[in-house]
Amino acid sequence: RAAIADLIDRWSAGPTIARMALHRRWEGLSAPDRLELGRLLRQLTAARAAIALARDGITEFTLLETRPVAGTDCLVASRVVDRRGRTRIVHWRMRPRAQGTRFVDLLVDGVSLTRNLRDELDAILRDNGGNTEDLTKRLRNAIARTSRRPK
């Protein structure tokens, strides 16, 4: 699971994921807050995706197709087979960046990790009056809890 999380972390477009997840609130953040929240959301996305993908072990990973979506984005479909022989379809929404093409969303079994993050962050910020310090603390705690889960 740690290896999958590391790979996802390296290939994600962290600031873009944070901008998409925080949507309207992104513009109001300071540069240091954007940097820190981008880093934390990239780590949390990687950790959660790794849990979803590695839960039952991966024995096979196959790229199925690539197709253009909005703007310069493309959607890459992949098939993941676990050690029990179950097949899962994972879609990677990819976007060209200065450092190369990176994914900006990951759909595991049709569920968007970025959309789930957006809903979660909206609820936290709504409940705490928009306090980004509290959000940062909660994200750090979520990453720590996710990292402690059994592998």
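The side chains of aspartate 119 and arginine 115 meet in a salt bridge, with N and O 3.8 Å apart. The term denotes a side-chain nitrogen of Lys or Arg within 4 Å of a carboxyl oxygen of Asp or Glu. Both residues lie in helix α4, four residues apart, about one turn of the helix. Helices (H or I, at least four residues) and strands (E, at least two) are DSSP runs, numbered from the N terminus. Aspartate 119 is partly exposed, with a relative accessible area of 40%, and arginine 115 counts as partly exposed at 45%. Here buried means under 20% relative accessible area, exposed means over 50%, and partly exposed lies in between (1.4 Å probe, protein chains only).

The model is predicted: local features need pLDDT of at least 70, side-chain atom pairs count only at pLDDT 80 or more, and totals for chains, interfaces and linings use all residues. Residues are numbered from 1 along each chain as its sequence is written, and side-chain values use heavy atoms, with hydrogens and water left out.

## Salt bridges

Side chains of opposite charge can pair when their charged atoms come close. A search of the whole structure finds 10 salt bridges. The table lists some of them.

| Salt bridge | N to O distance |
|---|---|
| Aspartate 73 and arginine 93 | 2.7 Å |
| Aspartate 119 and arginine 115 | 3.8 Å |
| Arginine 25 and aspartate 122 | 3.9 Å |

Arginine 25 forms its salt bridge with aspartate 122 across the sequence. Because arginine 25 lies in the loop between α2 (14-22) and α3 (31-54), and aspartate 122 in helix α4 (residues 113-127), the pair ties together parts that are 97 residues apart in sequence. Arginine 25 is partly exposed, with a relative accessible area of 34%, whereas aspartate 122 is buried at 15%.

Aspartate 73 and arginine 93 form another salt bridge. Aspartate 73 is placed in the loop between β1 (58-68) and β2 (74-82) and arginine 93 in strand β3 (residues 87-97), so this pair joins parts that are 20 residues apart in sequence. Aspartate 73 counts as buried at 4% relative accessibility, while arginine 93 counts as partly exposed at 25%.

Strands of a sheet pair through backbone hydrogen bonds, either parallel or antiparallel. In this model, five strands form an open sheet in the order β1-β2-β3-β4-β5, and the pairing is antiparallel. Two strands are taken to pair if DSSP finds at least two bridges between them. β1 and β5 (111-112) stand at the edges with a single partner strand each, so one side of each is left without a neighbour in the sheet. Two bridges join β4 to β5, which run antiparallel. Serine 112 in β5 is the bridge partner of leucine 107.

## Aromatic pairs and a surface patch

A pair of aromatic rings is described by the distance of the centres and the angle of the planes. The structure holds two aromatic pairs. Rings of Phe, Tyr and Trp (its six-membered ring) pair if their centres lie within 6.5 Å; planes under 30 degrees apart count as stacked, over 60 as edge-to-face and the rest as tilted.

Phenylalanine 61 and tryptophan 92 are edge-to-face, 6.5 Å centre to centre with 75° between the planes. Phenylalanine 61 lies in strand β1 and tryptophan 92 in strand β3, so the pair ties together parts that are 31 residues apart in sequence. Tryptophan 92 counts as buried at 14% relative accessibility. Tryptophan 92 also forms an edge-to-face pair with phenylalanine 103, at 5.5 Å centre to centre and 80° between the planes. This pair links distant parts of the chain, as tryptophan 92 is in strand β3 and phenylalanine 103 in strand β4 (residues 100-108), 11 residues apart. Both tryptophan 92 and phenylalanine 103 are buried.

Phenylalanine 61 is partly exposed, with a relative accessible area of 45%. Together with Ile58 and Leu63, Phe61 forms a nonpolar patch on the surface, with about 290 Å² of accessible area in total. Patches are made of residues with over 30% relative accessible area and no salt bridge: like charges are joined within 9 Å, and nonpolar side chains (Val, Leu, Ile, Met, Phe, Trp, Tyr) within 5 Å. Accessible areas come from the Shrake-Rupley method with a 1.4 Å probe; for residues, only the protein chains shown count as cover.

## Alanine 142

Alanine 142 is located in helix α5 (residues 132-148) and is buried, with a relative accessible area of 4%. The C-alpha atoms of alanine 142 and aspartate 6 are separated by 17 Å, the two residues being 136 residues apart along the chain.
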